[in-house]
Amino acid sequence: MPIKTHKLRIYPNAEMKTVITELMDYNRFCWNRGLETWQDMYDASRLLDDKKLRPSERKVRDELVENKARWQRRLSARVLQTAIHRLHQAWQNFFNPNMPDAHKPKFHSKRDAKQSFTTDRAKVAGRFLQLDRPLKTTHHFTKIKMAEALRFTGQIKTVTITKRGNKFYASINVLVEDTPRPTFSESWDIGGIDLNVGHINWNGGVVNTFTPRMSALHQRIKVYQKQLNRKRRENPKQFRSKNYQRLQAKLNQTYQQVNALQDDLIHKFSHQIVRDYPVICLEDLNVRAMKMGKDKVKGLQRSLFRRLRTAIEDKAAWQHRQVVIADRCFPSTQRCSRCGYVKTADSYGGKMTLQGDSIYHQHHTYRCYECGFVIDRDDNAVQNLIAYAAGLPPERVTVQR
Ligand SMILES: [Zn+2]
């Protein structure tokens with residue numbers, strides 16, 4: 001049975017904010033103490049050349065539980081357990097050859113932008129979240145209001161509370177029943193997606209990813225970055241000044257706003273296309289991303305592409321849809337979607353570039369040299385991706401995960 005995560009905003013009152021902050025501090029304490037113990041045990045096993053002394057999740061946890069101080073009894077015991085479990089996972093990921101990006105676990109700091117803790121005893125009822133209350137606590141525990149009711153039904157496994165800026169969020173992991181495989185009609189409906197800087201084209205229309213609101217936020221990011229740069233130049237040694245930190249906080253907040261806007265767009269779009277089409281075809285985005293250069297603002301679009309692909313693949317796997325990633329060499333911009341003619345550098349009007357081809361110079365329009373077909377260049381790309389997926393024999397259509 002798969003686990004699905006619902007992340008939502010929560011609104012704790014003042015007292016519960018204190019409880020949450022204490023638990024985040026405690027989580028950091030447990031993690032750091034656990035990491036220290038882990039390393040000590042490892043060093044000892046090396047020194048004494050005894051593999052039996054090697055650290056494990058259980059040994060480290062037992063050590064920490066045994067040496068609990070009196071003040072720790074006022075805090076949730078689950079936080080210690082989950083912190084050590086995550087530490088164990090972090091070590092496993094680090095040593096896993098299939099996860100080359102996994103970092104070595106490192107000590108957490110109070111200064112880290114993201115603070116969190118996890119518990120496996122929280123309860124959800126309607127639109128309220130109830131944290132597990134330790135017997136010896138001095139706080140008055142109340143239910144915490146959630147932004148919406150839980151989207152999935154099933155057994156709640158873990159709840160992770162995070163704080164970003166001054167907002168609190170809960171990621172609730174729910175064990176859900178597998179969805180039954182849908183029975184599609186014989187039609188082989190394909191959704192094609194063409195991603196561009198600023199807009200996404202698909203056979204259901206166009207999604208604007210660079211709304212006026214987004215553009216205003218991008219502008220703001222540019223201004224803050226310039227100001228921060230100037231401050232660093234003028235005063236390289238004291239960049240921990242109040243003003244500098246205030247500016248950095250504003251920049252981070254703006255990044256979060258961009259992120260939230262993008263998330264909204266990503267989830268709405270991927271939900272729609274996965275709902276409507278049994279097969280979805282998109283380009284390999286690494287190629288697209290490489291063409292985009294190093295502009296900071298374009299970096300934000302790059303991250304949007306990556307997250308969109310993940311969202312589509314996850315939702316597709318869940319709904320038993322198929323995702324086709326077009327080959328890197330597939331000429332989706334150069335090919336005529338009606339006759340299949342492909343423009344090359346040698347053909348008499350040249351290739352399609354950002355300015356269009358060398359005869360018509362219409363950068364929004366594709367005109368075929370062969371059959372004279374005229375079509376919007378992005379729609380042409382979408383049609384080509386659909387043709388690509390349709391042309392593949394079914395066994396070559398990869399089912400994601
Ligand atoms: Zn043509």
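**View 1. Helix α3 and the elements that cover it.** The cover over the buried residues of α3 includes α1, α2 (57-66), β2 and β6, where contact means that two C-beta atoms, placed from the backbone, lie within 7 Å, and where helices (H or I, at least four residues) and strands (E, at least two) are DSSP runs numbered from the N terminus. This is a predicted model, in which local features need pLDDT of at least 70 and side-chain atom pairs count only at pLDDT 80 or more, whereas totals for chains, interfaces and linings use all residues. Residues are numbered from 1 along each chain as its sequence is written. The buried residues of α3 are R78, V79, L80, T82, A83, I84, R86 and L87, buried meaning that 20 or more other C-beta atoms lie within 10 Å of the residue's own.

**View 2. The open sheet.** Seven strands follow the order β2-β6-β7-β1-β5-β4-β3 with antiparallel pairing, a pair requiring at least two DSSP bridges. Because β2 (115-119) and β3 (123-125) stand at the edges with a single partner strand each, one side of each is left without a neighbour in the sheet. Neighbouring strands are turned by 30° against each other on average, direction ignored, with axes fitted to C-alpha atoms.

**View 3. Strands β1 and β7.** Antiparallel strands β1 (residues 3-11) and β7 (residues 167-175) are joined by 8 bridges, and I3 has L175 in β7 as its bridge partner. Helix α1 (residues 14-47) packs on the sheet and touches β2, β5 (144-146), β6 (155-164) and β7, its direction making about 90° with that of β2, on a scale from 0 to 180 degrees between N-to-C directions.

Technical notes: A residue is buried if 20 or more other C-beta atoms lie within 10 Å of its own, exposed if 12 or fewer, and partly exposed in between; C-beta atoms are placed from the backbone.
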